[in-house]
Amino acid sequence: KTLSLKKLFGKSAFIQNGVKKNQTLKRNNIIFKKPGAGIIEAQIKKFIGKKINKNLKSHSMLRKKDFN
């Protein structure tokens, strides 16, 4: 039950402006919105500077599988 509440009320990282495949993720291209089903704020530092493995549209939720 606690996990589902975190997903419902927590926030996840979303792409603010679209990114292309192999583009490096930068902090200024991330926003945090509900629900918390993707990469949460506490984990985002692990992904800053990594390359994205596919094109993502604006307001797409970031997931671990989106990275090389």
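This is a predicted model: local features need pLDDT of at least 70, side-chain atom pairs count only at pLDDT 80 or more; totals for chains, interfaces and linings use all residues.

Colleague: Why is the pair of F47 and F67 called tilted?

Modeller: The ring centres are 4.9 Å apart, and the cut-off for a pair is within 6.5 Å. The planes sit at 40°, while stacked needs under 30 degrees and edge-to-face over 60, so tilted is what remains. That's the one aromatic pair in the structure.

Colleague: What makes it a link between distant parts of the chain?

Modeller: F47 and F67 are 20 residues apart, both in the segment after β2 (30-33). F47 is buried, and F67 is buried too.

Colleague: How do you know that D66 and K54 form a salt bridge?

Modeller: Their N to O distance is 3.3 Å, and the limit is within 4 Å, so the pair counts. The structure holds one salt bridge, and this pair also links distant parts of the chain, with D66 and K54 12 residues apart.

Colleague: What makes you say the charged end of K33 sits over the ring of F14?

Modeller: The charged end of K33 is 4.8 Å from the ring centre of F14, and the distance limit is within 6 Å. The label also asks for a position within 35 degrees of the ring normal, and K33 is listed as sitting over the ring.

Terms used
Residues are numbered from 1 along each chain as its sequence is written. Side-chain values use heavy atoms; hydrogens and water are left out. Rings of Phe, Tyr and Trp (its six-membered ring) pair if their centres lie within 6.5 Å; planes under 30 degrees apart count as stacked, over 60 as edge-to-face and the rest as tilted. Helices (H or I, at least four residues) and strands (E, at least two) are DSSP runs, numbered from the N terminus. Buried means under 20% relative accessible area, exposed over 50%, partly exposed in between (1.4 Å probe, protein chains only). A salt bridge is a side-chain nitrogen of Lys or Arg within 4 Å of a carboxyl oxygen of Asp or Glu.
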